[in-house]
Amino acid sequence: MKSIQSGWQKYIIPFCFVFLLGACGKAPERDFATYELLVDQNVMPDHWDVVEYAEEMLVNEGQEDGSYITFQKTDVDYFARTGEDVYRYGSVSKAKWHYKRFVNYYLNKNAYDLTEWETPVWFHFEPNNTDNWRFACALHQNGIRLDSSENRIVCRYIARYEEFLVTALITKAIDGQVMIEDKDAEEFIIKIDQKIGEYLGN
């Protein structure tokens, strides 16, 4: 009888531990929707308009839900876009895992990157409300001919706020022509951090 009890305990105890750990790590209920964390038109400089907005993320990155907003520069011939994506995960541990995945995928040099991803000298802001964050830029060459195979300076912000993962893409310059000034690009990230911090009570 003793050996039978030991056998049950061998499986039940680890199962209960894993179950409780998962329950403890579950994201809390929120009194706001994920899309409410997105910035809006007011954070962008002149000649940047909203061209895409979705309260429900269409791309599956393993999230419970997500939303995005995209702005496009309207006074140039180039296809220049800047935007923010917000993903909400079922637990902080899942958000941590996907944060590492996003950083490894987006901020490591690939075949279209002409330079390494590095934090630019003009970016001085240190987000106050994040648990983890990276901001970096690289010289990038388009793989798809939208208007040309132009060279672009693009910047990415990847940050985790508790169970939320935020990514932002900024088209900084195309073929040497500035699309958004340094101060405006930095202000875009500041506004993202501030808004999420307000909702999370930071």
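Val-50, a residue of strand β1 (residues 48–54), counts as partly exposed because its relative accessibility is 36%, where partly exposed covers the range between buried, under 20% relative accessible area, and exposed, over 50% (1.4 Å probe, protein chains only). Together with Tyr-35 and Tyr-53, Val-50 forms a nonpolar patch on the surface, and the three residues have about 250 Å² of accessible area together. Such patches are made of residues with over 30% relative accessible area and no salt bridge, with nonpolar side chains (Val, Leu, Ile, Met, Phe, Trp, Tyr) joined within 5 Å and like charges within 9 Å; a salt bridge is a side-chain nitrogen of Lys or Arg within 4 Å of a carboxyl oxygen of Asp or Glu. The areas come from the Shrake-Rupley method with a 1.4 Å probe, and for residues only the protein chains shown count as cover.

The model is a predicted one, in which local features need pLDDT of at least 70 and side-chain atom pairs count only at pLDDT 80 or more, while totals for chains, interfaces and linings use all residues. Residues are numbered from 1 along each chain as its sequence is written, and side-chain values use heavy atoms, with hydrogens and water left out.

The protein has three helices and seven strands, which run α-β-β-β-α-β-β-β-β-α from the N terminus on; helices (H or I, at least four residues) and strands (E, at least two) are DSSP runs, numbered from the N terminus. Of its 202 residues, 43% are buried, and the accessible surface comes to about 11800 Å², of which carbon and sulfur atoms hold 52%. Among contacts with a separation of 6 or more, 60% are between residues 24 or more positions apart, a contact being heavy atoms within 4.5 Å.

The interior can be followed through its nonpolar cores, each a set of buried Ala, Val, Leu, Ile, Met, Phe, Trp, Tyr and Cys residues joined through side-chain atoms within 4.5 Å. The largest has 35 residues, and those with the most contacts inside it include Phe-135, Tyr-157, Ile-170 and Ile-189. Strands β2, β4, β5 and β6 and helix α3 (182–200) each supply at least two residues of this core, with α3 giving the most, seven residues. Leaving aside neighbours within four places in sequence, Phe-135 is in contact with residues including Trp-122, Phe-123, Tyr-157, Ile-170 and Ile-189. Another core, of 16 residues, lies apart from the largest one, and among its members are Ala-54, Met-57, Tyr-99 and Ala-138.

Trp-133, in strand β4 (residues 132–141), is partly exposed because its relative accessible area is 29%. Beyond four places in sequence, Trp-133 touches residues including Tyr-99, Phe-123 and Tyr-157, and its C-alpha atom is separated by 9.2 Å from that of Val-166, 33 residues apart along the chain.

In strand β2 (residues 65–73), Gln-72 counts as buried because its relative accessibility is 18%. A polar contact of 2.8 Å joins the side chains of Gln-72 and Arg-81; such a contact is a pair of N or O atoms within 3.5 Å, and within protein one must be able to donate a hydrogen and the other to accept it, with residues adjacent in sequence counting only if both atoms are side-chain atoms.

Most residues other than glycine have a negative phi. Glu-162, in the loop between β5 (151–161) and β6 (164–174), has a positive phi near 55°, and Asp-175, in the loop between β6 and β7 (177–178), has a positive phi near 50°.
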